[in-house]
Amino acid sequence: MHFKKILLAVDASENALRAVEYVGALAAGGQGFEIELLCIERLPHRDLYADEKAWKESCAENRRTLKEFLTNARKKLTQMNVPDSAVTETYKTSCVSPFTEATPVCSRGTSVAQEIMDAVREGGFGTVVVGRRGVSKAEEFLFGSVSNKIIHSAKDCTVWVVS
């Protein structure tokens, strides 16, 4: 594994943008960096919506936001002097998504942290970078946090948590 092969997991939050800027500053003008932007879509629970139409509209809006963030993150990296050829994007979606796409990259349905760590292992990344969502201590205790789970499960790679 190589530390210049970086998996940058993003979720359209402010801290994810800070993580993009951090990686951009580090890799700017450098040679040999490979950066993969990874976004894992999680569908909201249907029970939170009055009907199927409202749920699908929310899913569509969430998807637009995430894909726009990926596009802007790539632009940000190239504006910071990271070669466009060094940046790739992966968008994973649930295969039970209300949308039909020709070739979706399907989420396994496990936790986001587990999917990120699977991508690290499968892609041979030496570094994984995540933004810290800033959940409260109570929320972290009840639900955990992606960054915390990654820190505790990471092996043979460097983990950067940007907040």
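Trainee: What percentage of the residues of the chain count as buried?

Mentor: Of the 163 residues, 37% count as buried; buried means under 20% relative accessible area, exposed means over 50%, and partly exposed is in between, with a 1.4 Å probe and protein chains only. Keep in mind that this is a predicted model, where local features need pLDDT of at least 70, side-chain atom pairs count only at pLDDT 80 or more, and totals for chains, interfaces and linings use all residues. Residues are numbered from 1 along each chain as its sequence is written, and side-chain values use heavy atoms, with hydrogens and water left out.

Trainee: Why does cysteine 157 count as buried?

Mentor: Its relative accessibility is 18%, and the limit is under 20%, so the label buried applies. Cysteine 59, at 1%, is buried too.

Trainee: What makes the pair of tyrosine 22 and tryptophan 160 edge-to-face?

Mentor: This is the one aromatic pair in the structure. The ring centres of tyrosine 22 and tryptophan 160 are 5.7 Å apart and the planes stand at 80°, so the pair is edge-to-face. Rings of Phe, Tyr and Trp (its six-membered ring) pair if their centres lie within 6.5 Å; planes under 30 degrees apart are stacked, over 60 edge-to-face, and the rest tilted.

Trainee: Which parts does the pair tie together?

Mentor: Tyrosine 22 lies in helix H1 (residues 14–27) and tryptophan 160 in strand E6 (residues 158–162), so the pair ties together parts 138 residues apart in sequence. Helices (H or I, at least four residues) and strands (E, at least two) are DSSP runs, numbered from the N terminus. Tyrosine 22 is partly exposed at 44%, and tryptophan 160 is partly exposed at 22%.

Trainee: How do you know that the charged end of lysine 4 sits over the ring of phenylalanine 33?

Mentor: The charged end of lysine 4 is 5.0 Å from the ring centre. The rule asks for NZ of Lys or CZ of Arg within 6 Å of the ring centre and within 35 degrees of the ring normal. Lysine 67 sits likewise over the ring of tyrosine 91, at 4.9 Å from its centre.

Trainee: What pLDDT does the chain average?

Mentor: The average is 85, and 82% of the residues score at least 70; pLDDT is the predictor's confidence in each residue, from 0 to 100. Over residues 139–143 the pLDDT is below 50.

Key
Contact means heavy atoms within 4.5 Å.
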